[in-house]
Amino acid sequence: MKMMLRAVVALLFLFLFTKNQKGWCQLPTITFELITSKEGLPSNSVFSATRDQLGFMWFGTRQCPLRYDGVTFKSFNDYTTNFVTGIEPDESNNIWLSSDRSGVSKIDLSTMRMGRVLGDSDKHVGSTGDFYIDVYDQGWFSDHHGVNRLDLKTGKRKHYPFRQTNFVWLKGAFVEDLDSNLWVIGRDNGLFRYDRQRDTLICVLGADSPAGQLKDMLMSKATRDQDGFLWIGTYNLGLIKFDPRTHAFELFETGRMANKILAVEEGLDENGKRILWVGDSHGLGIFRPEQKRFFFFPDILPKSYEVNFIYRDQDGIVWVCTSDGIIKYHPLSNVIQVITIPQNILPQALTVNVVHQDNRPGFEHIFYLGMSNNVLLRWDRQKNSFSKIVYPSAAAETRWIEQRKDGTLWIGTNRWDYQRPGIFVYHLLSGKFLNPPLARITDQFFSVPFFMYGRFQDSKLWVGNSDEGIHAVDETSQQEITPWTKEVMRNVVQNNNLINDMMIDTKGRLWIGCYKGVYYYDDVRKEFVRADPETLPAGVDDPTVNTLLEDHNGNVWAARWGSITMMPEVGKISKVVNAKDGFSDREIKGLVEDFQGNLWVGNHEGLYCINTTNDRLIRFTMNDGLLSNNTTGRVYITHNKRELLVGHIQGFNLVKVGDVLKRLDPPPLVVNSFKIHHTEYLANPSESIRLQPSQDVFSIDFIALNYRKQDDNQYAYYLEGFEKDWNYIGSKHVANYTNLNPGEYILHMKAGDALGNWNEDTLDLKIEVLPAFYQTVWFKILISLFIAGVLYAFYQYRINQLLHLQRVRNRISADLHDELGSTLSGISIMGSLAKKELPVQHASSALVDRIMDDVRQISGSLDDIVWNISPKNDSLSSLIARMTRYASELFEAKQIAFKFDIPERLDDVKLSMEQRRNIYLIFKEAVNNLVKYSKCTEAFVGICMDRRKILLTVEDNGVGFDPTATTDRNGIRNLKERAKSLNGVIDIKSGSGKGTSIKLEFPVAR
């Protein structure tokens, strides 16, 4: 936080006498900001200043050149530079500078690196100063022997020598007139005009001029005003006004020791009047051309300081380079005017407690200031003059002022000497204090003459104090007309429920603000009723009310300890403003409403405005021009509600509401720095920033270059592609990001003022986060191709394996069919032949029959094995065909009526060899048992598919059996084992005389 110093602790009211009139003249009532090493300035000795095209300020110091963004300084220490007395931006925004012992240097905008252009190798440019770039883009600088012209593009230099004298410092400074003529301020040699056609310098004033005018003149710096005159500062003759066309001049002495002007710059005061800022070896001042008078600020710094250079930028900000830091004057930081009461009017340090504007037509420029002790001041705003009205009695502290149509001011006081009267009546026309009957009656109330608040309501006067209540007196009847009893009043103030304020609303209803909250008087109930809700809303931690106000909509506002509340109706608080919104102190007191409906309130830490349209709380402090941060209970507003008057010790502030709340032009927004892992890099908003995968932590510092106080600017940002809404970060101006995914992003940045007005144009910065090699498209394609290759290789391997397996299965099937099948067929034929040769009753006939049965059985089993092994039978349809053929042959042989229920269309379901074997054997076992044991006349075989399951059903109407009966046969156990191997279930239902049903359900892969 920069230290803000007040320039004018006491204004210099000086009388200027002319032939016909007397007028007031004084220093501008403004504040300055001091920037020193405490705020980060590397060196307090500052010699030069300029502002570049982006809006950054640059300063030349005793140590090095600096760039300033309004908050931080960036030093350029590529090599040693001392006494940087000249610093200028060229048309490409490169910064040129001249310095002692380091020649001429340039800071390249594209790299932000400083490099020598003319250095120690050239004997003529070891020490340089006062660098200046003219309208022809030619650089000029001085040395110990004369001045030099430098072509900024080619680097070609020409030296213009001066006559050598005893003057040992740099020989010249530079300024241009309205005709684009360059003038060289030749120190002790004289004032020179550069003849561009002849490429030479012509001395027109001073020691080397033909006429020898002002031959003892020793010049410092110069500036050109808006009328084209040159104002030249000198070390010994004061200020010179020079006409570059006629060569006429005029001298103005400073009236100070040495008659010295080291720096000069044109400017405007707070009233828009033209002035010249001037500086000497003891401080800063102004010169008023219309008065031809100098005025120097006495208290900017606690001790004398030397002004080296004064620079006024395009926004009217004045930068004063001194031996003890930078003094800054910002016009927008001085919209709050300071009015100081002259010490000859008020020698005591008293406080302005009350401000009242005269109600009479034509007297609106008259204000009455009720002070903290024994005096009323009359301020004529038009003349800026004060007069004193002393109260009839001492030790009277002003608490309120009411003006009546009869031309009287009624002044309520706290009489700390406890002597009556406590109410004074002052007649404005006669200038005398009166003692009317109404005042005499009212003065008798209360045990001590403390009249803390008072209000006139037509002919009624209401007065009150904190612990003894409120009374009303009627002027017509000269009688007290208080509508409540003493008991009612005692009930209100008992238990330390002191009354802090009184208000009469537009309906004539009386309100009071007490320690325990807000109350109003109910005419029907004849008592005071609590207006606050039974339970105060969140954010109101103390019910104590200091001030009440009814706004233009009829809402009742209460300034409390720690908060302000709005009550649209009795018993309801609809708005709370507290410390979370920006209050810096709990004692909030004094409420007024301006012409826009905004509310103003004071406390010990500033003046606050509540913008009722957006509920934003705005704080003004000494940084903005307040005489003191303590504005508690001393905030008043003019009749037109456009100006505030805020009382302080020995003075007051005049606040123009429209000026302090007006929307400002959007400030220039720039990227101040771009850091990756705390290392700074260049960031050009016109180019995309490409970040490597390892650069995953970065921050962007962006700032508004309007050089307002830090809290006057608000900032927000969001990263398109990562975020969906703005991040509002208050007065901070840094965006931080970590671990962003690869991709393209746009960082949007914007700034606004303290009133919540945001600039519509955002500053956009494109950021591309490059992927790691394993995140790139080509890497993903390569990996995909590799995986595809591996999968294809595996697929090919699997296909080859399957084909090989099929070939093996085909070969085994063929071998079994050809070898074993033919052998078994041969055995069967030979057995048949052998049986024919044997007698019918031969003993071997039975063996031959058995051999032939076994051969037939083996042949059948072999046929099943061959069928099962053959790959061409892997489909479900092939299996069903074999099953139906097998079953139909057996049913027909046994003359069993049968029915097959088989789907007309079978999906292409592939079965493994093991699956086909188990299914077929289960079916074969079920059919064989049906034929052998069921004694049925009808049989049913059904096959159906449900999603990924197959249901096989074999049923008969035979004799049935008990599936749970114990038996030494393995048929049922085999069926269940084979169903389990299929990952299926088998359900066998049967009973004596009920037939048999066998259902197999198992999953298959399509």
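Student: Among contacts in the protein chain between residues at least 6 apart in sequence, what percentage join residues at least 24 apart?

Tutor: This is a predicted model, in which local features need pLDDT of at least 70 and side-chain atom pairs count only at pLDDT 80 or more, while totals for chains, interfaces and linings use all residues. Residues are numbered from 1 along each chain as its sequence is written, and side-chain values use heavy atoms, with hydrogens and water left out. Contact means heavy atoms within 4.5 Å. For pairs at least 6 apart in sequence, the share that joins residues at least 24 apart is 51%.

Student: How many helices and strands are there in the protein chain?

Tutor: Both are DSSP runs numbered from the N terminus, helices being H or I of at least four residues and strands E of at least two. On that basis the protein chain has 8 helices and 73 strands.

Student: Is threonine 351 buried or exposed?

Tutor: Threonine 351 is found in the loop between β32 (336-340) and β33 (352-357). Not counting residues up to four places away in sequence, threonine 351 touches Gly370, Met371, Ser372, Arg634, His648 and Ile649. Buried means under 20% relative accessible area, exposed over 50%, and partly exposed in between, with a 1.4 Å probe and protein chains only. Because its relative accessibility is 15%, threonine 351 counts as buried.

Student: Which residues touch the most other members of the largest nonpolar core?

Tutor: A nonpolar core is a set of buried Ala, Val, Leu, Ile, Met, Phe, Trp, Tyr and Cys residues joined through side-chain atoms within 4.5 Å. The largest has 54 residues, and apart from it lies another core of 34 residues, among them Leu879, Tyr886, Leu975 and Ile986. Leaving aside neighbours within four places in sequence, the contacts of tryptophan 319 include Phe59, Tyr68, Ile326 and Tyr707. In the largest core, the residues that touch the most other members are Phe59, Trp319 and Met749.

Student: Why do the buried residues of α8 lie on the same side of the helix?

Tutor: In helix α8 (residues 971-981), the buried residues are Gly971, Leu975 and Ala979. The arc is taken from the directions from the helix axis to the C-beta atoms. These residues are on the same side of α8 because they cover an arc of only 75° around the axis.

Student: What is the relative accessible area of isoleucine 787?

Tutor: Isoleucine 787 is found in helix α4 (residues 777-837). Isoleucine 787 counts as partly exposed, because its relative accessible area is 43%.
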